[in-house]
Each structure stands twice: as C-alpha cells, then as structure tokens.
Amino acid sequence: MKTHAKKQMTVICEMPVMHRITRVLDKVPVTGYTVFPALSGRGSEGTWDRDRIIGDAGRMVMIVSVMSVEQADIAIDRIYEALEPQMGIITVADVDVLRPERF
C-alpha cells in the first residue's frame, strides 16, 4: 500500500489557550484537528494532575493535526506566537498517511 508524507503537529497547552491555537489552525487552513484532555503529566516544573486543579487555567489539552509540509511551515510560527507567553509544548513529526486527500 502506498503511503504519503505529511507532518503531524502536536500542541500541549493550557485549556484557555486552546482556542488561540485552533483559530490559527483554522486560518492556515488545515483540514482538521483533534483536541484531547490531558489528565496528568510531568515536566520541568514537576508533576501535575488534572484532579488537583480548580478552574480551566491549569487544565491541559493536547491538540493534534496532520497537515502538509507547507501548512506546517506556516502553522509553526503562528502557533509559537500564540503560545509563547503561556506554558506549552509544540512538536512536529514526520508521518505517513494512507489517504492523502483527507489532509
């Protein structure tokens, strides 16, 4: 089966920042993304757990999108600007997809 090269961008950020990130993805535009709740984790500032946080400010989400190389080049700079003043992580990885028309 033939595969096609794409980029997968993953952003982990606080819930209030999520809409800034999805607006960027909508404007690029990418064909889609998925937002997952992040339940717990550990980072440079220690461990955290969603159940110990009151309100949305400390709640984390993970936004995943698959896109073309050209879209990733545009999105990475814009997402970094939207995320820079906040806590968050951006990763970009090479992925292969089976149905390129969906991305």
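The model is a predicted one. Its chain has 103 residues, of which 31% count as buried, and its secondary structure comes to two helices and six strands. Read from the N terminus on, these elements follow the order β-α-β-β-β-β-α-β, and the C-alpha trace spans about 45 × 30 × 20 Å along its principal axes.

**Nonpolar core**

- The largest nonpolar core holds 18 residues, and the members that touch the most other members are Val11, Cys13, Ile21, Leu25, Ile63 and Ile79.
- Two or more residues of this core come from each of strand S1 (4-14), helix H1 (18-27), strand S5 (60-67) and helix H2.
- Helix H2 is the element that gives the most to this core, with five residues.
- As general background, nonpolar side chains tend to be buried together in soluble globular proteins.

**Charged side chains**

- The structure holds one salt bridge, which is formed by Lys7 and Asp94, with their closest N and O atoms 2.4 Å apart.
- This pair links distant parts of the chain, since Lys7 belongs to strand S1 while Asp94 belongs to strand S6 (residues 88-97), and the two are 87 residues apart.
- Asp94 has a relative accessible area of 61%, and it therefore counts as exposed, the cut-off being over 50%.
- In general terms, side chains of opposite charge can pair when their charged atoms come close.
- On the surface there is also a patch of negative charge, in which Glu70, Asp73, Asp77 and Glu81 gather.

**A cis peptide bond**

- Val28 and Pro29 are joined by a cis peptide bond, for which omega is about -15 degrees.
- Pro29 has its place in the loop that runs between helix H1 and strand S2 (34-38).

**Individual residues and their distances**

- Leu98 is found in the segment after strand S6, and with a relative accessibility of 51% Leu98 counts as exposed, because the cut-off for that class is over 50%.
- Although Leu98 and His4 are 94 residues apart in sequence, their C-alpha atoms are 6.4 Å apart in space.
- Gln86 has its place in the loop between helix H2 and strand S6, and its relative accessible area of 31% makes Gln86 partly exposed, because this value falls between the 20% and 50% limits.
- Gln86 and Ile12 are 74 residues apart along the chain, and a distance of 11 Å separates their C-alpha atoms.
- Gly41 lies in strand S3, which covers residues 40-43, and at 26% relative accessibility Gly41 counts as partly exposed.
- From C-alpha to C-alpha, Gly41 and Met60 are 9.4 Å apart in space, while in sequence they are 19 residues apart.

How values were computed
Residues are numbered from 1 along each chain as its sequence is written. This is a predicted model: local features need pLDDT of at least 70, side-chain atom pairs count only at pLDDT 80 or more; totals for chains, interfaces and linings use all residues. Side-chain values use heavy atoms; hydrogens and water are left out. Patches are made of residues with over 30% relative accessible area and no salt bridge: like charges are joined within 9 Å, nonpolar side chains (Val, Leu, Ile, Met, Phe, Trp, Tyr) within 5 Å. Accessible areas come from the Shrake-Rupley method with a 1.4 Å probe; for residues, only the protein chains shown count as cover. A salt bridge is a side-chain nitrogen of Lys or Arg within 4 Å of a carboxyl oxygen of Asp or Glu. Lys and Arg count as positive and Asp and Glu as negative; His and the chain ends are not counted. The place of a charge is taken as NZ of Lys, CZ of Arg, CG of Asp or CD of Glu. A nonpolar core is a set of buried Ala, Val, Leu, Ile, Met, Phe, Trp, Tyr and Cys residues joined through side-chain atoms within 4.5 Å. Buried means under 20% relative accessible area, exposed over 50%, partly exposed in between (1.4 Å probe, protein chains only). Helices (H or I, at least four residues) and strands (E, at least two) are DSSP runs, numbered from the N terminus.
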